[in-house]
Amino acid sequence: MFLNQCMTWLADHTDSWVIFGLLGQIVFMARFIYQWLVSERAGKSIIPLGFWYLSIVGGLVTLAYAIHKEDLVFIFGQSCGIVIYLRNLVLLRREKRAVG
């Protein structure tokens, strides 16, 4: 019953932009699940390369949604995050070149 009410509410209150924004949040959240699973397998805390790619994709989709909504706080937060995720990829590539 509750799930049915939730689905009805979502159908009445969502448009394609909301669905797009939710997908961005799901991708963004998936990075933590991915990192957790990789760490559990290794038996120690690891931030895998895929974590940064999921962060960028989720961040870009969420940023697009924030721009559409004209939410300055959300735009600022996502923009800063994307810069940091990209910088981490640059640092990882430099490290890989130096080692190998």
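**Briefing: a four-helix predicted chain**

Leaving aside neighbours within four places in sequence, S39 is in contact with K44, S45 and I46, where contact means heavy atoms within 4.5 Å. S39 belongs to helix α2, residues 16-42. The model is predicted, so local features need pLDDT of at least 70 and side-chain atom pairs count only at pLDDT 80 or more, while totals for chains, interfaces and linings use all residues. Residues are numbered from 1 along each chain as its sequence is written, and side-chain values use heavy atoms, with hydrogens and water left out.

**Overall architecture**

- The protein chain has four helices and zero strands; helices (H or I, at least four residues) and strands (E, at least two) are DSSP runs, numbered from the N terminus.
- Read from the N terminus, the order of elements is α-α-α-α.
- The radius of gyration, taken over C-alpha atoms, is 17 Å, well over the 13 Å that the globule rule gives for 100 residues, so the protein chain is more spread out than a compact globule. The globule rule is 2.2 Å times the number of residues to the power 0.38.
- The C-alpha trace spans about 55 × 35 × 20 Å along its principal axes.
- Of the contacts with a separation of 6 or more, 55% are between residues 24 or more positions apart.

**Surface and charge**

- Buried residues make up 24% of the 100 residues. Buried means under 20% relative accessible area, exposed over 50%, and partly exposed in between (1.4 Å probe, protein chains only).
- There are 9 positive and 6 negative side chains, and the centres of the two sets lie 20 Å apart. Lys and Arg count as positive and Asp and Glu as negative, with His and the chain ends not counted; each charge is placed at NZ of Lys, CZ of Arg, CG of Asp or CD of Glu.

**Nonpolar core**

- The largest nonpolar core has six residues: F28, F51, W52, I56, Y85 and L89. Such a core is a set of buried Ala, Val, Leu, Ile, Met, Phe, Trp, Tyr and Cys residues joined through side-chain atoms within 4.5 Å.
- Helices α3 (49-69) and α4 (72-99) each supply at least two residues of this core, and α3 gives the most, with three.
- In soluble globular proteins, nonpolar side chains tend to be buried together.
- Apart from neighbours within four places in sequence, Y85 is in contact with F28, R31, W52, S55 and I56.

**Individual residues**

- S39 counts as buried, at 10% relative accessibility.
- E40 is also placed in helix α2, but E40 is exposed, with a relative accessible area of 54%.
- E40 and N4 are 36 residues apart in sequence and 35 Å apart in space, C-alpha to C-alpha.
- T8 is found in helix α1, residues 2-13, and is partly exposed, with a relative accessible area of 42%.
- E70 is found in the loop between α3 and α4 and is exposed, with a relative accessible area of 68%.
- Phi of E70 is near 60 degrees, a positive value in a residue other than glycine. Most residues other than glycine have a negative phi.
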